[in-house]
Amino acid sequence: MVTVKIINKGRQPLPAYATPQSAGMDLHADNDEPVTLRPLQRRLIPTGLFIALPEGYEAQVRPRSGLALKHGITVLNTPGTIDADYRGEIGVVLVNLSDTDFTVNPGERIAQMVIARCEQADLQVVAELDETERGAGGYGHTGV
């Protein structure tokens with residue numbers, strides 16, 4: 001378990017795990033009034049939360065499966081990354097991929113946040129890469 005410092009300047013509860021083995025914590029909308037997303041519209045929804053992650057960690061903001069399935073609402077830049085040195089408010093970029101309006105009400109659970117270890121890479125320039133069975137096979141190369 002990792003310790004994450006958090007400030008809640010909003011009116012909503014702190015993120016929490018719904019079950020003992022949940023990977024993500026629900027994030028709540030901290031908007032002052034309902035926000036309607038028209039089809040294909042995107043909006044930054046505030047959470048009122050500010051966090052300080054330890055070095056070597058990131059927070060990933062991901063869609064809630066129920067909102068995606070039932071309403072076509074997802075996180076546009078999924079997973080959204082919150083870096084360990086970011087100290088601003090956590091905002092969630094929601095997009096309405098359905099053909100009907102969707103209203104985000106204050107306090108509604110809009111996304112989930114996963115805390116994950118994150119390594120930085122030391123890039124080493126080389127003349128060629130080692131061979132593998134897959135090689136340069138890309139999208140769809142293994143068939144149906």
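**Close-up views of a predicted model**

**View 1. R64 is a buried residue, with a relative accessible area of 18%.** Here, buried means under 20% relative accessible area, exposed over 50%, and partly exposed in between (1.4 Å probe, protein chains only). This is a predicted model, in which local features need pLDDT of at least 70 and side-chain atom pairs count only at pLDDT 80 or more, while totals for chains, interfaces and linings use all residues. Residues are numbered from 1 along each chain as its sequence is written, and side-chain values use heavy atoms, with hydrogens and water left out. Look for R64 in the loop between strand 6 (57-62) and helix 1 (65-71); helices (H or I, at least four residues) and strands (E, at least two) are DSSP runs, numbered from the N terminus. Leaving aside neighbours within four places in sequence, R64 is in contact (heavy atoms within 4.5 Å) with D26, R109, I110, A111 and Q112.

**View 2. H28 belongs to strand 2 (residues 25-28).** H28 is buried, with a relative accessible area of 15%. Not counting residues up to four places away in sequence, H28 touches Q12, P13, P46, T47, G107, E108, R109 and I110. A polar atom of the H28 side chain lies 2.9 Å from the backbone oxygen of G107.

**View 3. The charged end of K9 sits over the ring of F50.** To count, NZ of Lys or CZ of Arg must be within 6 Å of the ring centre and within 35 degrees of the ring normal. For K9, the distance to the centre of the F50 ring is 4.7 Å.

**View 4. The charged end of R117 sits over the ring of Y57.** Here the distance to the ring centre is 5.0 Å.

Technical notes: A polar contact is a pair of N or O atoms within 3.5 Å; within protein, one must be able to donate a hydrogen and the other to accept it, and residues adjacent in sequence count only if both atoms are side-chain atoms.
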